[in-house]
Amino acid sequence: MKQVTIYTDGACSGNPGPGGWGAILMYGEAKKEISGGELSTTNNRMELISVISALEALKTPCDVEVFTDSQYVSNAINLGWLNSWQRMGWKRKGGEVKNPDLWIRLVPLLEKHKVSFNWVKGHADNEYNNRCDELAVAEAQSRRE
């Protein structure tokens, strides 16, 4: 199984507001940057879409290590929140799960690939996380009116 490393980030100008996301996919010496955005969204949606888009870009099942500065995303996976939300019909103790459409889109990708999630401090000294932030911010800014 191919070993792939992915860095992701999302950004929003206002929350909600124009948003963007960026991801870097690395396999061996190959590196690919992808990005996108939406006119009206939230930071958490952009964080999730960055992960989803990166995993969707993989053509075959892979062993993937994802690095994200989003505790929302990393904790949902690593602390088992996602499994609990699924069992509870996309509800949580405090009410409805936010962004169920995106979590539902992520689930089959986590089944297709062997994925581990790592949290990294944002806006620090990680060059790949910083580059993803640049991509995400540029996408968000390009959608400002």
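Student: What should I know before we start?
Tutor: This is a predicted model, where local features need pLDDT of at least 70, side-chain atom pairs count only at pLDDT 80 or more, and totals for chains, interfaces and linings use all residues. Residues are numbered from 1 along each chain as its sequence is written, and side-chain values use heavy atoms, with hydrogens and water left out.

Student: Why is Asn99 called buried?
Tutor: Its relative accessible area is 12%. Buried means under 20%, exposed means over 50%, and partly exposed lies in between (1.4 Å probe, protein chains only). Asn99 therefore counts as buried.

Student: How do you know whether His123 is buried or exposed?
Tutor: The relative accessible area of His123 is 61%, so it is exposed.

Student: And what makes Asn130 partly exposed?
Tutor: Its relative accessible area is 24%, so Asn130 falls in the partly exposed class. Asn130 is found in helix α5 (residues 127–142). Helices (H or I, at least four residues) and strands (E, at least two) are DSSP runs, numbered from the N terminus.

Student: Which residues does Asn130 touch?
Tutor: Leaving out residues up to four places away in sequence, Asn130 touches His123, Ala124 and Asp125. Contact means heavy atoms within 4.5 Å. Asp9 is 121 residues from Asn130 in sequence, and their C-alpha atoms are 8.6 Å apart.

Student: What makes the phi of Asn99 worth a remark?
Tutor: It is near 60 degrees, a positive value in a residue other than glycine. Most residues other than glycine have a negative phi, and most peptide bonds are trans. Asn99 lies in the loop between β6 (95–96) and α4. His123 also has a positive phi, of about 55 degrees, and is not a glycine. His123 lies in the loop between β7 and α5.

Student: Which peptide bond is cis?
Tutor: The one from Asn15 to Pro16, with omega near 15 degrees. Pro16 sits in the loop between β1 and β2.

Student: How do you know that the span of α4 agrees with its length?
Tutor: The expected span is 1.5 Å times one less than the number of residues. The 13 residues of α4 should span 18 Å, and its end C-alpha atoms are 19 Å apart, which agrees. Leu102, Trp103, Leu106, Val107 and Leu109 are buried in α4. The buried residues of α4 pack against α1, α2, α3 and β7 (114–119).

Student: What makes a set of residues a nonpolar core?
Tutor: Its members are buried Ala, Val, Leu, Ile, Met, Phe, Trp, Tyr and Cys residues, joined through side-chain atoms within 4.5 Å. The largest such core has 30 residues, and Ile6, Leu55, Leu58, Val64 and Trp103 touch the most other members. Its largest share, 7 residues, comes from α1.
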